[in-house]
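Visitor: Hi! Could you walk me through this one?
Guide: Happy to, let's bring it up.

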Amino acid sequence: MHLHKYEKIWLSFGIVSLIVFLSVVGVSAFSQDHTPSGGMDMIDPEKVNETAPFDNPGVTQLDEDTYQVAIVALAFGYTAPDLRVPAGKEIIFKVTSTDVVHSFTIDNTKVNMMVVPGRITTKSYTFEEPGKYLILCNEYCGTGHHMMYTEIEVY
Ligand code: CUA
């Protein structure tokens, strides 16, 4: 088989780029311990309702300055009774899904998590300003995707 000179150059360039790319990903994953930003916690998606903290979803005060909010995302909404949290305190959101991939995105904040069945996604956030914040799903999850939102009140 005859390969043109330029073809050889571009093939080599492509192969070298691929090796560099995979090495960067591999080194950061295995030797620098990079993990998904939401943590590595796993959960059986069929047993969410009986697994802590999702057996008791909503807001739980952990100590003086820390609150935990457990939320289950499912088509098409969030099991999130009475989401009220104080401003200026650390809020640890723990979110999982029982069906497909959703997101948990709080408008005007840095909270924007991907919610994957089988995983618990965790994000810590401190609200500075009281008010009502819109929570919405920005991963297309089905025909009711645009109906998937709720609200959190910060007091
Ligand atoms: Cu859930 Cu889109």
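Visitor: Leaving aside neighbours within four places in sequence, which residues is Y149 in contact with?
Guide: Y149 touches Y78, L134, I135 and L136, where contact means heavy atoms within 4.5 Å. This is a predicted model, where local features need pLDDT of at least 70, side-chain atom pairs count only at pLDDT 80 or more, and totals for chains, interfaces and linings use all residues. Residues are numbered from 1 along each chain as its sequence is written, and side-chain values use heavy atoms, with hydrogens and water left out.

Visitor: And which strand does Y149 lie in?
Guide: Y149 lies in strand 10, residues 149-154 (strands are DSSP runs of E, at least two residues, and helices are runs of H or I, at least four, numbered from the N terminus). Its C-alpha atom is 6.1 Å from that of G77, 72 residues away along the chain.

Visitor: New topic: what does UniProt say about residues 9-30?
Guide: The unreviewed UniProt entry annotates them as "transmembrane region"; such annotations may be inferred rather than shown by experiment, with feature names shortened and positions in the numbering used here. In the model that span is 100% helix and 0% strand, with its end C-alpha atoms 31 Å apart.

Visitor: Is Y6 buried or exposed?
Guide: Y6 is exposed, at 55% relative accessible area (buried is under 20%, exposed over 50%, partly exposed in between, with a 1.4 Å probe and protein chains only). Y6 belongs to helix 1, residues 5-30.

Visitor: What about C137 and C141, buried or exposed?
Guide: C137 is buried at 6%, and C141 is buried at 12%.
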